[in-house]
Structures are given as C-alpha cells and as structure tokens.
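Subject: Structure for your review

Dear colleague,

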Amino acid sequence: MSKSQVPVLGILGGMGPLATADFYRRLVERTPAGADQEHLPVLMWADPRVPDRTAALLGEGPSPVPALVEGARWLRRAGASCIAVPCNTAHAYLGQVSRAVGVEVLDMVEAAVGSAVLRVKRVGVLATCGTRTAGLYERAGERLGVAVVQVPLEVQQECVDPAIGIVKSGGRLAEAEELIAEAATVLKKQGAQAAIAACTEIPLVSGPASQLLPLVDSTDALVDAILARLWRSPRPTSCGATNAAG
C-alpha cells in the first residue's frame with residue numbers, strides 16, 4: 001500500500017485534555033502493531049477552549065459547534081480520512097459537524113452500546129448531565145436492543161458530576177473513584193447488569209467501580225471501532241523489519 005493510500009485518523013480532542021491523552025495512549029496500546037511504522041497515522045486537534053458541551057445542552061452556555069467545526073475542517077484539510085471525538089457529550093453535536101465538514105465521524109456512543117449489547121440486556125450509564133439530557137445512550141439503546149438505566153438525579157448531582165469535575169480540575173482522584181463506585185452501586189441496585197463509563201474522564205477513576213459491576217469503557221469502544229474501520233495488518237516483506245529506537 002502506498003503512503004497516499006494509508007488511512008489517516010483525525011482526533012478532535014481537548015475535551016478534556018487528560019481524557020484526550022488517555023485516548024491516544026489506549027489507541028497506541030490496543031493497536032496490534034509490531035513496529036512503529038505499523039501504527040495508524042494520526043492528526044490531532046486538541047483545543048480545550050471548546051465551549052462546555054453540557055452547559056450548552058442545558059441552555060446555560062454558548063454552542064460548541066463553531067469550535068468543533070473549525071477543528072474538524074482543519075483535520076480534513078490536513079488529510080484526515082475520518083474523525084474520532086473522545087468526548088461523549090460532544091456527540092450531541094456531531095451530526096451538525098459531519099454535515100458541515102463533509103467527513104465521516106466515528107460514533108463513540110454507538111460503539112459503547114454495541115459493546116454492551118454483546119454482554120447484557122440492561123446496562124447502566126455513567127455520563128455527564130449533558131449526555132443524559134441529550135438522550136444519546138437511550139437512543140442508541142433503542143436502536144441496538146438494550147435497556148438503558150440512568151442513576152437518580154440526586155446521585156448524578158452528588159456523585160457523577162463531582163467525580164468528572166475532580167478529574168477535569170486535576171483534583172484528588174481517589175475521591176472521584178469513591179464517588180463513581182457509589183454511583184455504580186446504585187446502578188446495580190437498579191438492576192443494571194453492567195455499566196458504561198460514558199464520559200471519557202470516568203475510565204480514569206473507574207477501578208473500584210469495575211469491581212462492583214462489569215464496566216464497558218467508552219474510550220476502549222471507540223478505539224476498537226477505529227481499529228476495525230482503519231487498521232490493516234501490513235503486508236509481510238521479504239526481509240525482516242527492524243524497529244529503530246526513537
């Protein structure tokens with residue numbers, strides 16, 4: 001395959017910065033490459049100035065669409081074959097972004113629910129208030145045949161939202177872990193057979209929760225969708241490839 005034919009992934013990130021870094025690390029770790037040269041070429045636009053997605057969905061802040069479109073256009077001009085957005089809440093706006101830019105945007109929500117439906121028929125969701133308000137996971141669940149359970153609003157406000165805020169602000173992660181574990185316990189009592197970490201900050205503090213309830217990681221689900229869509233095993237060569245130290 002010539003260099004011009006190799007698919008290029010565009011990452012529209014920065015929402016938040018730590019989650020974007022974690023996403024790219026996982027992409028590298030989960031790619032079955034045997035050498036540097038076998039990894040996917042990646043372009044990244046990581047702009048943490050994108051207006052808050054949840055605030056916009058709640059009518060409390062400006063739309064993030066212009067900033068998202070700006071980043072997506074930059075990625076397309078730079079040569080991205082398709083775009084991944086490691087932010088669940090931003091998916092409420094991705095239809096608008098894809099139409100404005102004319103580029104394929106991989107669906108993180110669909111990938112996560114698709115992973116869950118392979119395991120269970122009733123799944124809990126740990127997400128931002130914005131993702132919850134937009135009904136992103138409920139619609140995906142209806143399409144794919146899995147019942148979606150949300151924590152009660154008071155648990156959302158007292159556990160899930162504060163935990164996400166702790167990660168975004170660089171706070172004490174152990175405290176966030178405790179809050180997410182408490183929310184997972186509530187989901188289990190509500191009959192959830194597994195929980196989706198439906199905000200890219202949550203997998204960073206989901207260790208204890210995963211001991212209480214099987215966890216579907218939306219970040220990993222997006223990575224797997226990318227690899228299924230773009231990565232191809234390189235052709236064997238007549239002489240062994242050597243991976244030079246970088």
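Strand β1 (residues 9–13) pairs with β2 in the parallel sense, over five bridges; two strands pair if DSSP finds at least two bridges between them. Helices (H or I, at least four residues) and strands (E, at least two) are DSSP runs, numbered from the N terminus. Leu 12 is placed opposite Trp 45 of β2.

This is a predicted model, in which local features need pLDDT of at least 70 and side-chain atom pairs count only at pLDDT 80 or more, while totals for chains, interfaces and linings use all residues. Residues are numbered from 1 along each chain as its sequence is written, and side-chain values use heavy atoms, with hydrogens and water left out.

The open sheet has four strands, ordered β2-β1-β3-β4 with parallel pairing. Because β2 (42–46) and β4 (104–105) stand at the edges with a single partner strand each, one side of each is left without a neighbour in the sheet.

Helix α11 (residues 218–230) lies across β1, β3 (82–84) and β4, at about 165° to β3. Axes are lines fitted to C-alpha atoms, for helices over the stretch in contact, and angles run from 0 to 180 degrees between N-to-C directions.

The axes of α5 (residues 108–117) and α11 come within 8 Å and cross at roughly 100°; the two helices are therefore roughly perpendicular (65 to 115 degrees). In this contact (heavy atoms within 4.5 Å), Met 108, Ala 111 and Ala 112 of α5 meet residues of α11 including Leu 222 and Ala 225.

Yours sincerely

Note on methods:
Angles under 35 degrees count as roughly parallel, over 145 as roughly antiparallel, 65 to 115 as roughly perpendicular and the rest as oblique.
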